[in-house]
Each structure stands twice: as C-alpha cells, then as structure tokens.
Amino acid sequence: MQIQDVELVISAVAPMQYPTDGLPEIALTGRSNVGKSSMINKLIQRKKMARTSSTPGKTQTLNFYKLNEAFYFVDVPGYGYAKVSKTDREKFSQMIETYLQERTTLRGVISLIDVRHEPTKDDLAMYDYLKFFGVPVLVVATKGDKVPRGKWNQRESKLKKALQLNQTDDLVIFSSTSGLGGDQIWEWVTAHLPE
Ligand code: GDP
C-alpha cells in the first residue's frame, strides 16, 4: 500500500483521548524490542515516525497513527520489560484490556513475535487473550533476516504450534531490513478494513 499521509494524532493515556472520528483501527502489540517500531516505519515508508526504542518499555501510551486519512495503526506499548514497575504493568494491562474490550472500531490486531525464539509466556498470554476477545489476529514473526531462508518453514510451523494458532488467524515472517513479508501484511490489513 502507498502511504501518502501519516499523522500521529494522539499518544493517549486514557480512553477519553482516543479519536472519535470512527475510522477503523488495526492495533499492534508485542514485547519490548521485538521490532514493532521498525516494522511500523518500514510499512509506512517513514524513517523515524514510530520511535525505535533505545529505552524499551518506556512508552506507556496508545499511539494513534492516522494513515491516508482512512484508518489507524494503534501502537500498543511493548510488554514484558523487566524494569517496568508492577504498578505500571497493571496500568498497562488495564489500558489494553479496556481498549480491546470496548473499542468498536478495532478491526484486527497484528501481534509481533521474534522469529528466532520460542514465544515467551507474555507472548502466549497476549495471543490467548486476543483469541478470547475473538479479534482477528495476524502474527508477525519479526527479524526474519536473522534466520536462514531454509529454516523459515520450520520456524513458522513451530511458532504456529506453540501459539496453537487459530485456523482463522495467519502468520507472516517479516524483516524490517529487507522488507520481506511487507506485502503480505498489507494484504491482511486491507482485507480487514471495511470497503
Ligand atoms: P520495539 O521496541 O518493538 O519498537 O523494537 P525496535 O523496532 O526498536 O527494534 C529493536 C531492535 O531490533 C533495534 O535494534 C532494531 O534495529 C532491531 N530490529 C528490528 N527489526 C529488525 C529486523 O527485521 N532485522 C534485524 N536484523 N534487526 C531488527
């Protein structure tokens, strides 16, 4: 997809700040350092729109990026960062739970997992949670360039098995350095936005 227009509309700390224009939303989740900002920047063809984190876990806001004035990418704070306090962790859980439960404009979630490793406990919990809410999920296995091409199929099956991926959900191997998988992600996003 060609992205002509990107606007960070709000970094929200509370639901009352969420946009009210009713445009559809795709949320992006993943643990800190998984490569979420790099993926967003690659997909929207901007160098530094989403901040790549030297201090992972710091952003505890929901960032609403309006794309082509047609839909939002909602960047959810990275989870599983050890230095985040228990109180902040609880605040984060509460925020994301409320968002997933109540946001009627949410059309799907892109859930990021590092292709090289087994999903962490937090990764598994997040995916189960999304399944529980019945929201369509695309799992993006990040840093695909760090695994040799010959191992991609094996990694894909392993991750699907570990997550017990729903038949209606999908998995794409992505690399923000090579752009691998970018077209498939956009296909999924387009398919989940209203006509
Ligand atoms: P975030 O915390 O999830 O937003 O992660 P970042 O996008 O900031 O990435 C974390 C680190 O992983 C950075 O050092 C990135 O350069 C690196 N990284 C992200 N995506 C890729 C990728 O596809 N390939 C490689 N080799 N490195 C990546």
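At 0% relative accessibility, then, Leu-62 counts as buried.

Before going on, a note on what we are looking at. This is a predicted model, in which local features need pLDDT of at least 70 and side-chain atom pairs count only at pLDDT 80 or more, while totals for chains, interfaces and linings use all residues. Residues are numbered from 1 along each chain as its sequence is written, and side-chain values use heavy atoms, with hydrogens and water left out.

Back to Leu-62. This residue sits in strand 3; helices (H or I, at least four residues) and strands (E, at least two) are DSSP runs, numbered from the N terminus. What does Leu-62 touch, not counting residues up to four places away in sequence? Taking contact as heavy atoms within 4.5 Å, the list includes Ile-10, Tyr-18, Val-74, Met-95 and Tyr-99. Ala-27 is 35 residues from Leu-62 in sequence, and their C-alpha atoms are 9.3 Å apart.

Leu-62 also brings us to the cores. A nonpolar core here is a set of buried Ala, Val, Leu, Ile, Met, Phe, Trp, Tyr and Cys residues joined through side-chain atoms within 4.5 Å. The largest one has 33 residues, and Leu-62, Phe-64, Tyr-99 and Val-139 have the most contacts inside it. Several elements each supply at least two of its residues, among them strand 3 (62–67), strand 4, helix 3 and strand 7 (170–173). Which element gives the largest share of this core? That is helix 2, with five residues. There is also a second, separate core of 24 residues, which includes Val-34, Met-39, Leu-67 and Phe-71. As general background, nonpolar side chains tend to be buried together in soluble globular proteins.

Now please turn to strand 4. Five of its five residues are buried. Phe-71, Phe-73 and Asp-75 are on one side, Tyr-72 and Val-74 on the other, and both faces are covered. As for neighbours, two strands pair if DSSP finds at least two bridges between them. Strand 2 runs parallel to strand 4, with four bridges joining them, and Ala-27 stands opposite Val-74. Strand 3 runs antiparallel to strand 4, with five bridges, and Tyr-65 has Phe-73 as its bridge partner. The hairpin of strands 3 and 4 has three residues between the strands, and Asn-68 takes a positive phi near 50° there.

Rings of Phe, Tyr and Trp (its six-membered ring) pair if their centres lie within 6.5 Å; planes under 30 degrees apart count as stacked, over 60 as edge-to-face and the rest as tilted. The whole structure has nine such aromatic pairs. Phe-71 and Phe-73 make an edge-to-face pair, 6.0 Å centre to centre with 75° between the planes. Phe-71 is also edge-to-face with Trp-186, at 6.3 Å centre to centre and 85° between the planes. Why might we care about that second pair? Phe-71 lies in strand 4 (residues 71–75) and Trp-186 in helix 5 (residues 182–191), so the pair ties together parts that are 115 residues apart in sequence. Phe-71 has 3% relative accessibility and counts as buried; Trp-186, at 6%, counts as buried too. Helix 3 (residues 121–133) has 13 residues and reaches 19 Å from its first C-alpha to its last, close to the 18 Å expected at 1.5 Å a residue, where the span is 1.5 Å times one less than the number of residues. Its buried residues are Asp-123, Met-126, Tyr-127 and Leu-130.

In helix 5, the buried residues are Gly-182, Ile-185, Trp-186, Trp-188 and Val-189. Asp-183, Glu-187 and Ala-191 are exposed on the other side of helix 5. Thanks, everyone!

Conventions:
Buried means under 20% relative accessible area, exposed over 50%, partly exposed in between (1.4 Å probe, protein chains only).
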